[in-house]
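Me: I have a structure here that is new to me. Can you walk me through it?

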Amino acid sequence: MTGVLARYERLISADELRPDADQRRAAERLDALQKDLEAEESGGLLGQLFGRRKARPQGVYMVGGVGRGKSMLMDLFHASLEIPEKRRVHFHAFMQEVHSTLREARKSESGDPIPPVAEKLAADLKVLAFDEMVVNNSADAMIMSRLFTQLICEQNVAIVTTSNRPPRDLYKDGLNREHFLPFIDLMQSELDVIELDGPTDYRLERIGGLDSWHCPLGDDATEKVREAFFRLTDYPPEDAEHVPSAELDVGGGRMLHVPKALKGVAVFSFKRLCEQPRGAPDYLAIAQAYHTVIIVGIPQMDKDMRNEVSRFVTLIDALYENRVKLFATAATEPEDLYPTGDGAFEFQRTVSRLKEMQSAEYMKLGHGLAG
């Protein structure tokens, strides 16, 4: 049996990781949780014999920017934990499962479906580990406080999660957010919030050598952005057909389907984003929810595509102002995307931004509004 901390220290010794005080603090906390959970497992019968009931272990909420090692530490924790009652799942996939289970429960339950659903989800579980806790829609926000209160306080399930946002910023500016505030209080009281903001951005190292703008359109360009997606998300390419999708709340009761969404990386087609009637709120929601956006199939535009050009300009402004990393497949280089037509001169500002977004300096910026 090897603990999280010992495995982490071996990675440091092997020069696979650089020393990082934040990471070490998180590793120590996860190591302590591992020991608590395993001690509870081994001492279960003895505890029952003498009537002891141990307080539930405190969960862990790892928050930090992209590439700071949150997923790596979660990998170590889940691999090290030697109990069968554990589950690791992407947060969005879990919430889809919750809604499906709730729908079934409402067909047969006359009362509140949350407690029996929580009991079902917690069956044979002592720890539930989430990749990328993020709340993008009101449907999730409305039930999370009551659901997680049941999981943590009634079912004694320890929660371990990663997120790019601290609890207080989850579902920020969301519809009816007041109903979500008890969930924030629950996270801050029942989980140890550990910030990871170390000096090394492993994401940048992961995509080192990869360009972000690929033209012309074709198999080669598609393969390049596909490679970027799998490097950024650590998702196995051989399981590509099972990459999760998402539904993003863009306000006004409208939802935007995100064809591929994982660990803060979203994939869209130009057609979905710019050939359909969309506006600044849609693009702002995308820019706030995802640190990296991949857009495929950007065409060369002409005077008959003024609406598409206008939407594209608004989209790039939102991504740029929120320091979102952009990977794209396009028919041509940015300066030739819209050479003539109404607004072609003004489009040069977008060209300039697209060029800057390819730079190493831009890639190093943290996600979120500048200033």
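Reply: Here is a short tour, one topic at a time. This is a predicted model, where local features need pLDDT of at least 70, side-chain atom pairs count only at pLDDT 80 or more, and totals for chains, interfaces and linings use all residues. Residues are numbered from 1 along each chain as its sequence is written, and side-chain values use heavy atoms, with hydrogens and water left out.

Me: What is the strand order in the open sheet of five strands?
Reply: The order is 6-12-11-10-9, with mixed pairing. Helices (H or I, at least four residues) and strands (E, at least two) are DSSP runs, numbered from the N terminus. Two strands pair if DSSP finds at least two bridges between them.

Me: Which are the edge strands?
Reply: Strand 6 (213-214) and strand 9 (260-262), each pairing on one side only.

Me: Is the pairing of strand 6 and strand 12 parallel or antiparallel?
Reply: Parallel, over two bridges. Strand 12 covers residues 325-330. W213 has A328 of strand 12 as its bridge partner.

Me: And which helices pack on the sheet?
Reply: Helix 10 (residues 219-233) does, touching strands 6, 9, 10, 11 and 12. Contact means heavy atoms within 4.5 Å. The direction of helix 10 makes about 155° with that of strand 12. Axes are lines fitted to C-alpha atoms, for helices over the stretch in contact, and angles run from 0 to 180 degrees between N-to-C directions. Helix 13 (residues 306-321) also packs on the sheet, touching strand 11 and strand 12. Its direction makes about 160° with that of strand 11.

Me: How many bridges join strand 11 to strand 12?
Reply: Five, and the two strands run parallel. Here I295 has A328 as its bridge partner in strand 12. Strand 10 and strand 11 also run parallel, joined by five bridges. A266 has V293 of strand 11 as its bridge partner.

Me: How many residues of strand 11 are buried?
Reply: Five of its seven. Buried means under 20% relative accessible area, exposed over 50%, partly exposed in between (1.4 Å probe, protein chains only).

Me: New topic. How many residues has the largest nonpolar core?
Reply: It has 42 residues. A nonpolar core is a set of buried Ala, Val, Leu, Ile, Met, Phe, Trp, Tyr and Cys residues joined through side-chain atoms within 4.5 Å. I286, Y290, F312 and L319 have the most contacts inside this core. Helix 13 gives the most to it, with seven residues. Apart from it lies another core, of 36 residues, including F130 and L186.

Me: Which residues of helix 8 are buried?
Reply: F183, I184, L186, M187 and E190, in a helix of residues 181-190. They fall within an arc of 160° seen down the helix axis, so they line one face of helix 8. That arc is of the directions from the helix axis to the C-beta atoms. These buried residues pack against strand 1 (59-64), helix 7 (138-154) and strand 5 (191-196).

Me: How many disulfides are there?
Reply: The structure holds zero (a disulfide is a pair of cysteine sulfur atoms within 2.5 Å).
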